[in-house]
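Subject: Structure handover

Hello,

Here is the structure I promised to pass on. Please open it first, then read my notes below.

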Amino acid sequence: MIDFSLFETHISSLQQQVEQALSQHDFDALLIGSGHTKKHFLDDAHYAFRANPHFVRWVPFLHESADCWLLIQKGKKPALYIYTPNDFWYQSTPLPVDEWAGLFDITLVTDPAPALMTQENQRYAVVAEEPLHNFSNKFECNPDALLNTLHFDRAIKTSWEIECIFRANCCAVKGHAAAKALFQKSIVPSSESSLTERALHNRYLQATGHLDHELPYNVIMALNENAATLHYQHKSRSPLPVARTLLLDGGASYLGYAADITRTWSASAVDMPQAEQAIATVFAAIVKAVERLQLSVIEQIKPGLDYIELHRLAHQYLVDVLLSTKLLAQCPPTDEVQEVITRTFFPHGLGHFLGIQTHDVAGFQQDSQGTVKAPPASHPFLRLTRVLEEGMVLTVEPGLYFIPSLLEKLRTDAAGSFVNWDLVDQLKPWGGVRIEDNILVTATGARNLTREAFALLDAN
């Protein structure tokens, strides 16, 4: 368990933030719903429940509890209403007895209606998925101005949140290590592979101790060409004739906070059929080059740095990778031509905020009023346009992919004349590379939570 004093300080900080926001936006109190379970269309089975992230930030210990409410008022201890219906179908949430419960006034309720928890002479902001249509105008659901303030504040993590994200990293790296070991064990030289993405995924779940619905996002377990699909969503049951590449983008959760890690491994040349041994050596060099690029980018992180410039720097570094691995036959003459090429091999953004949500909020938001800075037109998929500040947690995840549709477009462009197409065509069956770490911006630079977690795993 994390040091309880960190959670105490966390709640004190949130109380201060919310009280200031309520005064700023002329509300008396904030009511946050944990969320409701929902049924599949034309079915009586429910979707996996995922709590309102605003609720999780205050009550991470109840992130699996639906129909609960949290009431925050100025100068008062937060009031927590835990829904405990008289129900023999499902187990209700019991009255908490852990130390954290002392920070809240807790009431068990059999009716989750928020009107029961409020007073007539107050004005309430409500943060909940479903509007409260049945209640008076004292409730204002999801007011934009207040949400802008709350979201902007969430970009700076408390020490408690940082520790939760680190613990999630420590869990996720166990899954990465287990999947890597299975991938490497299953490669038999000059023989047909029996490895499947489904088996790798099951090993990942076993090592992390997670069920599928507990993961912060759908794990990407991509073998060979599937690594070229950025959000590859399947887990194939069918073994592939040859296992060349494993790209694993997998996270874990700790008390509702997420880790988001990607690693890419390739079969060694000696394990490949003779006809593919030379290209296997080239792909292994590409994996190492992308990792060096990623670490070089992380070295530049510090408060005051514009993340857009960090993204552009990654593209500049990628030109050197393409040249050193012979994917470019010669250096393009201008930055504009270089970017046409690098956007083909690296089409997504360098990273995003990380926290309760994998793609955490306020990545485009420039101030507490909600001013938005869109990504550059030339890099439309970038999810973060903020100037970095101490306490932000973000991902850094450059990649180099062989995506057929993008390559065909480049092949017909004038910029395509600088590309070594023979080598590109040989590398298509290997899919691509992505390396992703979770980074805390510190006062003087960066703390790599993911590399720390891997180092701790290796030490044990």
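Start with one pair of side chains. Asp 249 and Arg 434 form a salt bridge, with N and O 3.1 Å apart. The partners come from distant parts of the chain, 185 residues apart. Asp 249 belongs to strand β8, residues 245-254. Arg 434 belongs to strand β12, residues 432-434. Keep in mind throughout that this is a predicted model.

Is this pair buried or exposed? The cut-off for buried is under 20% relative accessible area. Asp 249 has 6%, so it counts as buried. Arg 434 has 3%, so Arg 434 counts as buried too.

Arg 434 has another partner to look at. Glu 397 also forms a salt bridge with Arg 434, and here the closest N and O atoms are 4.0 Å apart. This pair again links distant parts of the chain, 37 residues apart. Glu 397 sits in the loop between β10 (393-396) and β11 (399-401). Both Glu 397 and Arg 434 are buried.

Now a pair with other surroundings. Asp 425 and Lys 428 form a salt bridge, their closest N and O atoms 3.6 Å apart. Asp 425 is partly exposed, at 32% relative accessibility. Lys 428 is partly exposed as well, at 22%.

There is also a network. Salt bridges link Arg 263, Glu 291, Asp 437 and Arg 451. Across the whole structure, the search finds 20 salt bridges.

On charge overall: the protein has 36 positive and 52 negative side chains. The centres of the two sets lie 4 Å apart.

- Asp 26 has a phi of about 60°. It is found in the loop between α1 (4-24) and β1 (29-33). Asp 26 is exposed, with a relative accessible area of 58%.
- Asn 224 has a phi of about 55°. It lies in the loop between β7 (220-223) and β8. Asn 224 is buried, at 2% relative accessibility.

One helix position is also worth a look. Thr 208 lies in helix α5, which covers residues 197-208. Which residues does Thr 208 touch, not counting those up to four places away in sequence? They are Cys 171, Ala 172 and Gly 175. Thr 208 has 7% relative accessibility and counts as buried.

Finally, the overall picture. The protein has 11 helices and 14 strands. Its C-alpha trace spans about 75 × 50 × 45 Å along the principal axes. For 460 residues, a compact globule would have a radius of gyration near 23 Å. The protein has 24 Å, which agrees.

How much of the protein is buried? Buried residues make up 54% of the 460.

Among contacts with a separation of 6 or more, 73% are between residues 24 or more positions apart.

Best wishes

Technical notes: Residues numbered from 1 in each chain as written. Predicted model: local features only at pLDDT ≥ 70, side-chain atom pairs only at ≥ 80, totals over all residues. Heavy atoms only, no water. Helix = DSSP H or I, 4+ residues; strand = E, 2+ residues; numbered from the N terminus. Rg over C-alpha atoms; globule rule 2.2 N^0.38 Å. Buried < 20%, exposed > 50% of the residue type's maximum accessible area, 1.4 Å probe, protein only. Contact = heavy atoms within 4.5 Å. Lys, Arg positive; Asp, Glu negative; His and termini not counted. Charge placed at Lys NZ, Arg CZ, Asp CG, Glu CD. Salt bridge = Lys/Arg side-chain N within 4 Å of Asp/Glu carboxyl O.
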